[in-house]
Amino acid sequence: MALVTGDSLKSELEMFDIPCQDDSVLDKMVEQCICNRIQADEIVLEWVAYSTTKNGLKLTLDTLEQFEHEVLNKRNKSKQILRKEETHNRTRDIHTIQDLIKAEEEEENLLDAYSTPAKGSQKRALTTPENPHSKRSAALLASPGLLLSPASFSPSATPSQKYSQRGGKGEVVVTFGAVQGTRWAGRKAPGAGIQLELLEGPEDSLRCSYKYMFQRLRDVRNVLTEKIEELGDGLRSHFNIEEFSPVSLPAQDSMTVLGQVCCDSNGKLNAHSVLLEAGPEQGGQQVPVDLSELKEYSLFPGQVVVMEGMNTTGRKLMASKLYEGVPLPFYTSEVKTEMDEEPMNVLVACGPYTPSNSLTFDPLLDLINVIVRDRPDVCLLLGPFVDSKHEQIEKAQVTETFEAIFSRCLESIVDGTKSVGCRLVFVPSQRDIHHHFIYPQPPFTLPNLSKDQAQRVTLVPDPCTLLIDGVTFGLTSTDILFHMGAEEISCGTGSDRFSRILKHMLTQRSYYPLYPPVEEVNMDYEKFQSFGQMPLTPDLLIIPSELRYFVKDVVGCVCVNPGRLTKGQVGGTYGRLLIQRSAASDDGRRGSPCLAAQVVKI
């Protein structure tokens with residue numbers, strides 16, 4: 001177990017925008033970590049989940065003691081019970097309900113074969129080839145709920161008590177737009193007539209798996225160079241800049257340079273470690289940057305910027321002005337001069353779809369019930385569906401292959417929503433343990449889908465840009481908000497870090513503008529150049545994250561973080577949107593197609 005310190009706890013709390021200036025509170029949390037043998041990130045996640053259920057409880061010594069009594073002590077008790085169950089289960093050779101039933105039936109059949117049938121003495125009729133399965137074993141496949149029975153996945157799976165006892169079911173935690181009096185339901189004939197396709201088209205989109213794990217540094221360099229040049233052209237034309245100077249050229253006058261922000265070491269970027277790396281056209285060299293004269297800035301590694309300043313020695317740029325990127329235009333098409341008759345209802349959810357302490361898919365079954373109740377027109381479901389970070393998967397406590405669990409999970413969603421008839425869009429995640437661990441990530445494959453099912457199901461890559469009834473959706477399941485939040489540095493830009501990061505994504509025209517990526521993201525830069533860039537500014541950007549859920553309008557794009565369906569052992573959130581295309585207003589301004597949006601607790 002790594003050493004937990006007050007500084008590490010403070011940085012974890014800052015990730016979730018939880019203020020804590022009291023050293024005694026940090027000391028208390030360090031003590032709780034040591035006594036309960038948990039890491040800093042674990043206790044912060046537990047606190048976030050607990051405070052959310054208590055309507056945003058503030059972090060004080062009193063609330064920490066209450067948290068210890070209600071959460072940490074119960075957590076230790078449940079661990080002790082789980083250890084006893086595991087010890088008990090190790091002594092058994094039969095690990096699943098199906099195996100137990102099968103063994104019992106074989107034993108009874110064997111006894112029947114050696115016994116003389118007496119009149120009325122048989123407890124049940126002998127099985128025949130025409131009727132080979134007992135009612136008990138056939139009942140296991142009777143419904144989506146039983147299809148996702150935990151006993152079929154893990155020998156020691158028990159439903160999560162914390163999830164089943166959660167509060168605030170159906171509570172709306174975020175609202176956006178005109179939600180008063182809104183009816184959250186789909187059209188009369190959901191799914192019928194909805195045009196849904198990848199914006200790039202079949203030839204230019206990532207449709208199948210590809211070979212990776214072979215990248216030359218030269219190819220990576222070419223991709224980064226082209227990115228600098230392409231964004232530089234946009235900046236030059238937008239700000240009417242005549243030409244860019246080499247970054248390391250000594251000059252006594254102010255000059256304008258183009259380059260990519262990077263760090264002078266392998267550590268975290270800070271105000272004293274910023275370098276500006278130019279493309280080959282501007283010399284291809286790096287120069288340290290002094291930011292002391294800039295009153296306002298927001299920078300991260302990999303960001304392409306234009307800086308104006310002095311570099312008298314050629315060894316350091318004294319920046320006096322910063323030009324950031326410009327977003328691409330929105331999608332335009334021939335739309336009706338009047339609004340469509342009915343708005344489109346879109347549901348958005350992101351995995352994990354199980355609690356962290358159990359392989360029961362109860363949250364997914366609850367989501368299917370929500371879909372059946374609200375009857376949305378389109379459901380955007382993002383992974384992970386079989387989470388590589390799940391406790392029982394990390395400990396190899398499953399009794400089926402990951403592919404089998406995944407197939408049953410998606411079959412349950414497709415079958416459970418059949419009566420609704422909604423369109424289903426499945427987006428993979430790099431945390432899906434059975435799928436390709438690469439970015440950009442190819443779509444799932446579901447060869448066992450029937451023709452009727454395949455008409456409702458759309459399998460897309462991560463990331464992708466979807467066109468749904470003339471409205472563009474940008475989708476990615478990779479937690480870029482969390483990754484960039486840990487790397488970005490800012491000064492004088494206010495406290496809304498989410499809006500800053502989202503604006504960076506839109507102005508850098510990329511679903512993953514961070515370079516180098518975090519260790520858990522395996523980037524294929526040749527494919528990223530083709531499939532990881534934004535072809536335009538989407539009308540809506542769906543960007544799930546471990547960080548707090550939100551709905552924000554950023555430079556005209558409605559950005560939605562629906563949260564995750566489960567947060568540790570407790571329930572999480574999902575999002576729902578009302579979408580309606582409309583013509584431009586009389587003054588020529590574009591109207592957002594997102595009429596209303598909500599984030600709701602499952």
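Is the crossing of helix 1 and helix 3 left-handed or right-handed? In this predicted model, the crossing of these two helices is right-handed.

Helix 1 spans residues 6-15 and helix 3 spans residues 40-53; their axes lie 9 Å apart and meet at an angle of about 40°. Helix 1 is therefore oblique to helix 3. On the side of helix 1, the contact is made by Ser8, Leu9, Glu12 and Leu13, and on the side of helix 3 by Ala40, Asp41, Ile43 and Val44. Sorted by class, this contact of helix 1 with helix 3 contains five nonpolar, one polar and two charged residues.

Helix 1 also packs against helix 2 (residues 23-36), at an angle of about 100° and with the axes 9 Å apart. Helix 1 is therefore roughly perpendicular to helix 2. Here Gly6, Leu9, Lys10 and Leu13 of helix 1 meet Leu26, Met29, Val30 and Cys33 of helix 2. The contact of helix 1 with helix 2 divides into six nonpolar residues, one polar residue and one charged residue. Leu9 and Leu13 take part in the contact with helix 3 and also in the contact with helix 2.

**A further helix pair**

Helix 14 (residues 480-487) and helix 15 (residues 497-508) pack at an angle of about 105°, their axes being 10 Å apart. This makes helix 14 roughly perpendicular to helix 15. Helix 14 contributes Ile480, Leu481, Met484 and Gly485, which meet Arg497, Phe498, Ile501, Leu502, His504 and Met505 of helix 15. By class, seven nonpolar, two polar and one charged residues form the contact of helix 14 with helix 15.

The packing values of these pairs are set out below.

| Helix pair | Angle between axes | Distance between axes |
|---|---|---|
| Helix 1 and helix 3 | about 40° | 9 Å |
| Helix 1 and helix 2 | about 100° | 9 Å |
| Helix 14 and helix 15 | about 105° | 10 Å |

**Cavities and a pocket**

A search of the whole structure finds four cavities of 30 Å³ or more. The largest cavity holds about 70 Å³ of space. Its lining consists of Glu200, Asp204, Ser205, Leu206, Pro461, Pro463, Cys464 and Phe531. Five nonpolar, one polar and two charged residues make up the lining of the largest cavity.

The second largest pocket contains about 400 Å³ of space. It is lined by 18 residues, of which Asn266, Gly267, Tyr515, Pro516 and Pro517 are the closest to its centre. Strand 3 (residues 251-263) supplies the largest share of the lining of this pocket, four residues. By class, the lining of the second largest pocket has nine nonpolar, five polar and four charged residues.

**Backbone features in loops**

Pro463, one of the residues lining the largest cavity, is joined to Asp462 by a cis peptide bond with omega of about 0°. Pro463 lies in the loop between strand 12 (457-459) and strand 13 (464-468). A cis peptide bond also joins Gly383 and Pro384, with omega of about 10°. Pro384 is located in the loop between strand 10 (378-382) and helix 11 (391-394).

Arg375, a residue other than glycine, has a positive phi value, near 55°. Arg375 is placed in the loop between helix 10 (362-374) and strand 10.

Technical notes. Residues numbered from 1 in each chain as written. Predicted model: local features only at pLDDT ≥ 70, side-chain atom pairs only at ≥ 80, totals over all residues. Heavy atoms only, no water. Axes fitted to C-alpha atoms, helices over the stretch in contact; angles between N-to-C directions. Parallel < 35°, antiparallel > 145°, perpendicular 65-115°, else oblique. Left-handed = near helix turned anticlockwise from the far one by under 90°. Contact = heavy atoms within 4.5 Å. Nonpolar A, V, L, I, M, F, W, Y, C, P; charged D, E, K, R; others polar. 1 Å grid on protein atoms, 1.4 Å probe; cavity = no way out; pocket = protein on both sides within 12 Å on 5 of 7 lines; lining within 4 Å. Points joined across faces, edges and corners; volume = space filled by probe spheres on them.
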